Each structure stands twice: as C-alpha cells, then as structure tokens.
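Here is a short report on one protein chain.

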Amino acid sequence: MRFEGRLKTWNDARGFGFIEPHQGGQEIFVHITAFPAGTGKPVPNLKVSFEVEQKADGKKRAKNVIFGRPARAVSRIGGRAANSWAVENTIVLTVFALAYLVVTVVWGTSWYLAVGYFGMSLVCAFAYGMDKTAARNGHWRISESTLLFLGMIGGWPGAIVAQQTLRHKTSKVSFQVSFWFTVVINVGAFLAVTTPLLSVVQARWT
C-alpha cells in the first residue's frame with residue numbers, strides 16, 4: 001500500500017529525514033537509499049509517495065519513495081548533477097591510471113606501491129560501506145577525519161568508487177572540498193616520490 005505525504009525534515013549530511021503522512025499519525029523515518037537512484041537531492045517540504053516497512057525492532061521506515069509532481073524539475077537537475085560528477089570522477093581515475101602507467105614505464109615504480117594503492121582502496125571502500133550502513137541503522141559512525149585520512153594515504157580511488165556506488169558523502173560540500181584536497185596531496189606526494197620532480201624543485205631553490 002502506498003501513502004502520500006511530505007518530507008518534513010531532511011539531514012543532508014547524514015542522509016536521512018522524516019516524512020509527515022497526509023493522513024496523519026507518526027512521522028516516518030526515511031533514508032537516502034529509499035529514493036531511486038538518479039532522482040535528485042531530497043529537500044524539506046517535497047511531496048512524496050511511499051511505502052512503509054517495519055524493522056525487526058518494531059520501528060517503521062519508508063521505502064520505495066517517489067517524489068511528487070512539484071519535485072520533478074528538482075529531480076532532473078539533481079540527476080544531471082549526479083551524472084556530471086560520475087563522469088568527472090571517471091575521468092580523474094582514468095587520468096591517474098594513465099599517469100601511473102607513464103611513471104612506471106619512464107622511471108619505474110615498485111610493485112609494492114601498486115599493491116598499496118589497491119589495498120588501501122579496498123580498505124577505504126569498506127570503511128565507506130560501514131559508515132553508510134551505520135548511518136542507515138542509526139549506529140555509531142566512522143568519523144569524516146578517518147575517511148579523509150584513509151583516502152589521503154592511498155585509498156582515494158576506492159573512496160571515489162564507494163561514494164558513487166553507495167551515494168555516500170557526495171552531497172556534503174565541505175566534505176567533498178576536504179576530500180579533493182587530500183587527493184591532491186596524495187597525487188603530489190606520488191609524483192614527488194616516483195619522478196625527478198622533487199629533485200628539480202630542490203635544485204631550483206638551492
């Protein structure tokens with residue numbers, strides 16, 4: 001059975017909010033994963049259509065949430081923005097992979113470095129998955145500083161994949177700014193260690 005209501009509150013940072021049913025009664029918890037992919041960013045006061053499921057602890061939550069008619073324009077804009085970010089992230093990963101290949105061919109890199117990037121990417125993606133699950137269930141979250149640190153020490157490729165596939169941390173501007181800053185730091189360190197870049201800079205300043 002589907003119900004009608006409005007999104008009364010929405011916590012964009014944590015990805016959840018509460019729906020006020022039109023027929024009255026208690027407000028219904030809703031998580032970002034209850035919205036179909038590509039439907040855009042939820043905002044307060046949007047009209048929604050939803051189903052209700054009951055968790056094992058007896059609490060109710062919304063599922064299969066669909067924006068009402070007034071939200072379609074917002075949905076299309078949000079969908080384009082999400083697709084744009086996905087394309088840009090794909091480009092970043094592709095460029096880094098090509099740069100890594102060039103550096104390996106020209107100057108040579110240890111296979112330990114490749115294993116390190118791969119391993120840290122898995123760890124970072126797993127951490128994002130745990131944080132997403134914790135947010136969905138209202139459990140203790142992994143701190144943003146931990147997620148950023150894991151990305152900075154080599155896990156950022158996995159973080160990008162996790163952010164896009166899980167739709168997690170993509171809409172929080174402050175986190176995204178900090179995240180891309182850590183990516184720049186990591187890539188800069190990679191180039192400094194694996195190429196003559198550091199030697200050139202030192203020579204110019206001595």
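**Overall fold**

This is a predicted model. The protein chain has five helices and five strands. Along the sequence they follow the pattern β-β-β-β-β-α-α-α-α-α. The chain holds 206 residues, and 34% of them are buried. Among contacts with a separation of 6 or more, 60% join residues 24 or more positions apart.

**Helix packing**

Two packed helices are described by the angle between their axes and the distance between the axes. The table gives these values for two pairs.

| Helix pair | Axes come within | Crossing angle |
|---|---|---|
| α2 and α3 | 7 Å | roughly 60 degrees |
| α3 and α4 | 9 Å | roughly 90 degrees |

Take α2 and α3 to begin with. Helix α2 covers residues 111–137, and helix α3 covers residues 144–166. Their axes cross at roughly 60 degrees. That angle makes α2 oblique to α3. The crossing of α2 past α3 is right-handed. By class, their contact has 15 nonpolar, seven polar and two charged residues.

Now α3 and α4. Their axes cross at roughly 90 degrees. Therefore α3 counts as roughly perpendicular to α4. On the α3 side, the contact residues include Leu147, Leu148, Met152, Ile153, Trp156 and Ile160. On the α4 side, they include Phe175, Phe179, Trp180, Val183, Ile185 and Val187. Gly154 of α3 and Ser178 of α4 also take part. By class, the residues of this contact divide into 13 nonpolar, six polar and one charged.

Most residues other than glycine have a negative phi. Which residues in this loop have a positive phi without being glycine? Arg167 is one of them, at about 55 degrees. Lys169 is another, with phi near 70 degrees. Arg167 lies in the loop between α3 and α4. Lys169 lies in the loop between α3 and α4 as well. Are they buried or exposed? Arg167 is partly exposed, because its relative accessible area is 27%. Lys169 counts as buried, because its relative accessibility is 9%.

**Val65, in a strand**

Val65 sits in strand β5, which spans residues 60–67. With 0% relative accessibility, Val65 counts as buried. What does Val65 touch, leaving out residues up to four places away in sequence? The list is Arg2, Ile19, Val30, Ala34, Phe35, Pro36, Val48, Ser49 and Phe50. Val52 gives a further reference point. Val65 and Val52 are 13 residues apart in sequence, and their C-alpha atoms are 9.4 Å apart in space.

**Thr194, in a helix**

Thr194 belongs to helix α4, residues 173–194. Its relative accessibility is 11%, so Thr194 counts as buried. Where does a polar atom of the Thr194 side chain lie? It is 2.6 Å from the backbone oxygen of Phe190. Leaving out residues up to four places away in sequence, Thr194 touches Val103, Trp107, Thr109 and Leu113.

Technical notes. Residues numbered from 1 in each chain as written. Predicted model: local features only at pLDDT ≥ 70, side-chain atom pairs only at ≥ 80, totals over all residues. Heavy atoms only, no water. Axes fitted to C-alpha atoms, helices over the stretch in contact; angles between N-to-C directions. Helix = DSSP H or I, 4+ residues; strand = E, 2+ residues; numbered from the N terminus. Parallel < 35°, antiparallel > 145°, perpendicular 65-115°, else oblique. Left-handed = near helix turned anticlockwise from the far one by under 90°. Nonpolar A, V, L, I, M, F, W, Y, C, P; charged D, E, K, R; others polar. Buried < 20%, exposed > 50% of the residue type's maximum accessible area, 1.4 Å probe, protein only. Contact = heavy atoms within 4.5 Å. Polar contact = N/O pair within 3.5 Å; in protein donor to acceptor, adjacent residues only side chain to side chain.
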